[in-house]
Structures are given as C-alpha cells and as structure tokens.
Amino acid sequence: MPNSPRGARSETNFPLQLGRVYSFDSMPLGFCARLFIRSLHLPGLDCISCWRYGLFARMRSSRALLYYNPSKYHLKILIRAPQIDHYGAEMLQVLTESVDTIRESWYPKSSVDVKSICYHCVAESSQNPTMFPIGHCTHALVNGADSLKCKGSWNIKLAALCPDLAFLDLSPITFDYKDVVVERELGKGAFGTVSKV
C-alpha cells in the first residue's frame with residue numbers, strides 16, 4: 001500500500017465537520033488493516049483512496065477521512081457533510097461501530113480514550129479544538145441536556161456534536177409515542193418487559 005494518499009481530492013465545499021479521536025495506549029498489531037478492510041466492505045460506503053495509514057471514503061452526500069497517526073497512537077475519523085442530516089450521522093455511526101466492533105472483538109484488553117471534536121472550533125479554524133469525552137457527551141444526553149459549553153462560552157448542540165449518540169441517523173424512521181398501542185405482554189425479564197405492539 002502507498003504511504004500517502006493518491007488520486008483523492010479534498011471536498012472543501014462542505015461546511016460541517018464531525019470528528020472522533022481514538023487515543024490508544026498502544027495500537028494493537030493489525031488493528032488499522034482490519035479497520036480499513038472492513039470499511040471497504042461496508043454497504044453504501046465507497047472508497048475514494050486508500051493508503052498505509054488512512055482512507056478517504058464517501059457515503060451519499062458525506063465524505064470521510066480515517067487517519068492513523070503511528071507516532072501518537074491516534075486514530076481520527078473525520079466526516080464532512082453539507083449539513084447535519086441523516087446521512088452524515090449514518091456515516092459516523094457506521095465507522096465508529098466498525099472501530100468499536102474490531103476493538104471489542106479482536107482486542108478486548110486494549111485501552112482507548114474516545115473524544116468528539118468540537119465542530120465550532122473546526123469551523124473557526126482553531127489550532128487547538130475542544131475535545132469532548134464521549135462519556136461526558138453520553139452522560140449529558142441521558143440527563144436531558146441538549147448542549148455543552150465549548151471553552152466556557154459557546155453552546156454546542158449535542159445532536160450536531162454526536163449525531164450518532166443522539167440517534168440522528170434514525171430520524172427518518174421515528175414515530176410519536178402516542179401512535180404506539182401496546183396489545184399484551186409477551187414476556188418479562190431482568191432488564192425489561194417485551195410486549196406486542
């Protein structure tokens with residue numbers, strides 16, 4: 001594989017950038033190769049260019065860059081999209097699930113710190129963008145928050161920062177709870193009740 005990207009052109013007309021940074025204590029041998037090969041087989045994801053430490057891909061109107069920095073053990077997933085929509089969220093969801101699946105299946109003892117990159121800082125061309133820990137974002141969403149503070153002043157919408165955690169990729173198939181009619185209970189377990197609807 002080549003050491004640098006070839007034949008790929010940057011999509012600069014997309015104003016929004018979503019991002020995740022995976023910081024490993026040490027990168028498990030074969031992780032990137034498994035991730036890149038898996039990404040080539042994801043439905044709807046087209047590879048534009050692939051090289052030793054990264055790949056460019058597209059999914060409908062969104063573009064992605066996966067890049068591994070071998071000196072820092074950092075893996076970045078950057079998604080560029082024309083707007084925060086179902087497709088950008090879906091692409092981020094598919095790629096982050098691929099990383100998590102490989103890590104949990106092949107390298108369950110690997111230690112990783114996952115952060116989301118502030119889209120406001122990226123839009124402002126900040127050299128030191130705010131990084132929000134995913135655990136912090138998840139905690140805020142579970143507790144009903146709709147935004148976090150960037151550098152103490154900017155309200156950053158969680159649905160835009162972590163559209164996959166906010167289930168924005170499922171927005172076309174949502175329905176109102178009032179439309180759900182529970183007919184009867186089918187079973188009960190330690191974690192919940194299953195009912196026919």
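Trainee: Is Ser 110 buried or exposed?
Mentor: Ser 110 is buried, at a relative accessible area of 17%. Buried means under 20%, exposed over 50%, and partly exposed in between, with a 1.4 Å probe and protein chains only. This is a predicted model: local features need pLDDT of at least 70, side-chain atom pairs count only at pLDDT 80 or more, and totals for chains, interfaces and linings use all residues. Residues are numbered from 1 along each chain as its sequence is written, and side-chain values use heavy atoms, leaving out hydrogens and water.

Trainee: Where does Ser 110 sit?
Mentor: In the loop between helix 2 (86-106) and strand 6 (112-117). Helices (H or I, at least four residues) and strands (E, at least two) are DSSP runs, numbered from the N terminus.

Trainee: Which residues is Ser 110 in contact with, leaving aside neighbours within four places in sequence?
Mentor: Pro 28 and Arg 103. Contact means heavy atoms within 4.5 Å.

Trainee: And what does the Ser 110 side chain reach?
Mentor: The backbone oxygen of Tyr 107, at 2.9 Å.

Trainee: New topic. How many aromatic pairs does the structure hold?
Mentor: Four. One of them is Tyr 53 with Tyr 68, tilted, at 6.0 Å centre to centre and 55 degrees between the planes. Rings of Phe, Tyr and Trp (its six-membered ring) pair if their centres lie within 6.5 Å; planes under 30 degrees apart are stacked, over 60 edge-to-face, the rest tilted.

Trainee: Where are Tyr 53 and Tyr 68 in the chain?
Mentor: They are 15 residues apart. Tyr 53 is in the loop between strand 2 (46-51) and strand 3 (54-59), while Tyr 68 is in strand 4 (residues 62-69).

Trainee: Which residues form an aromatic cluster?
Mentor: Phe 24, Phe 31 and Tyr 107 form one.

Trainee: Now helix 5. Is Leu 161 buried or exposed?
Mentor: Buried, with a relative accessible area of 1%. Leu 161 lies in helix 5 (residues 158-161).

Trainee: What is Leu 161 in contact with, skipping neighbours within four places in sequence?
Mentor: Among them are Ser 116, Ile 117, Phe 132 and Leu 148.

Trainee: And how far is Leu 161 from Gln 17?
Mentor: Their C-alpha atoms are separated by 9.3 Å. Along the chain, Leu 161 and Gln 17 are 144 residues apart.

Technical notes
Polar contact = N/O pair within 3.5 Å; in protein donor to acceptor, adjacent residues only side chain to side chain.
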